[in-house]
Amino acid sequence: MSLLIPLYVHPAEDPGAWHRLITAAARTYGVVLNPASGPGEEPDPAFTAAAGALRAAGARLLGYVDTDYGVRAPADVAEDVRRHREWYAADGCFLDRMTATAEGLPACRRLVRAVRRLGAGTVVLNPGVHPAPGYARLADLTVTFEGHWSTYVSAFSRPAWTARHSPERLCHLVYGVPEALVPLAVRTAHDRGAAVCGPVTGEPPNPWAALTPALTGASR
């Protein structure tokens, strides 16, 4: 089991969280860099330093890009990917708020092709739900669940098409996990066909700020 970590907190605000993440880099699938709901308008020196330390520790860096469920212009999405690569040497991108419908699949296919041409070696799609069949074939990793632990344990359903994909290509991001149940959340994701997960104890608006339970509990 490996962890996808969207650490949406500035390195200057919580350097301890970044230090813990750097020391646990070997257990991560990737770390999502999100300086300003994207790369921002100019490079952030604190993120540049954090990205360099993570890279040196062996982490894969993924630049956060908001697609706004297909509303954002593809050129703007591509520009965010370019900035992440140029400023932070991101290995790939985390395309957030992706469409999940069959009608949105052709546009998603074009977008993935475009960001790969820009050098994105790893493409992660985050519709946050199980999308229509076909999306998971486009990306290296697809987040098919993002939500609260209470929803995860009570209302999760797994469509049949997911069984045709390697667990290493599916991810579940679960927040609001009681600290004592973080190891259970990891096992549950594995049992549900996702070899990548991100269980955290935090709650909205920024559940990903607290990482210690995820980084330590996932190894139990």
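Predicted model: local features only at pLDDT ≥ 70, side-chain atom pairs only at ≥ 80, totals over all residues.

Visitor: Why is aspartate 80 called buried, and why is arginine 72 called partly exposed?

Guide: Buried means under 20% relative accessible area, exposed means over 50%, and partly exposed lies in between (1.4 Å probe, protein chains only). Aspartate 80 has 9% relative accessibility and therefore counts as buried. Arginine 72, at 25%, therefore counts as partly exposed.

Visitor: How many salt bridges does the structure hold, and what does the one between glutamate 41 and arginine 83 tie together?

Guide: The structure holds eight salt bridges. In the pair formed by glutamate 41 and arginine 83, the closest N and O atoms are 3.7 Å apart. Glutamate 41 lies in the loop between β2 (28-33) and α2 (45-56), and arginine 83 in helix α3 (residues 74-88), so the pair ties together parts that are 42 residues apart in sequence. Helices (H or I, at least four residues) and strands (E, at least two) are DSSP runs, numbered from the N terminus.

Visitor: Which of these two partners is buried, and which is exposed?

Guide: Glutamate 41 has a relative accessible area of 69% and is therefore exposed. Arginine 83 has 17% and is therefore buried.

Visitor: Where do arginine 83 and glutamate 79 lie?

Guide: Both lie in helix α3, four residues apart, about one turn of the helix. An α-helix has 3.6 residues a turn, so residues three or four places apart point the same way. The side chains of arginine 83 and glutamate 79 meet in a salt bridge at 3.1 Å, N to O. Salt bridges that share partners join Glu41, Glu79, Arg82, Arg83 and Glu86 into one network.

Visitor: How do you know that tyrosine 135 is buried, and with which residues is it in contact?

Guide: Tyrosine 135, in helix α5 (residues 135-138), has a relative accessible area of 1% and is therefore buried. Contact means heavy atoms within 4.5 Å. Leaving aside neighbours within four places in sequence, tyrosine 135 is in contact with residues including Thr99, Leu105, Cys108 and Leu125.

Visitor: Why is histidine 165 called buried?

Guide: Histidine 165 has a relative accessible area of 14%, so the term buried applies. This residue is placed in the loop between α6 (149-155) and β7 (170-175). Apart from neighbours within four places in sequence, histidine 165 is in contact with Ala136 and Arg137.

Visitor: Which residues of helix α7 are buried?

Guide: In helix α7 (residues 182-191), the buried residues include Val182, Pro183, Ala185 and Val186. Just after α7, glycine 193 takes a positive phi of about 90°.

Notes:
Residues numbered from 1 in each chain as written. Heavy atoms only, no water. Salt bridge = Lys/Arg side-chain N within 4 Å of Asp/Glu carboxyl O.
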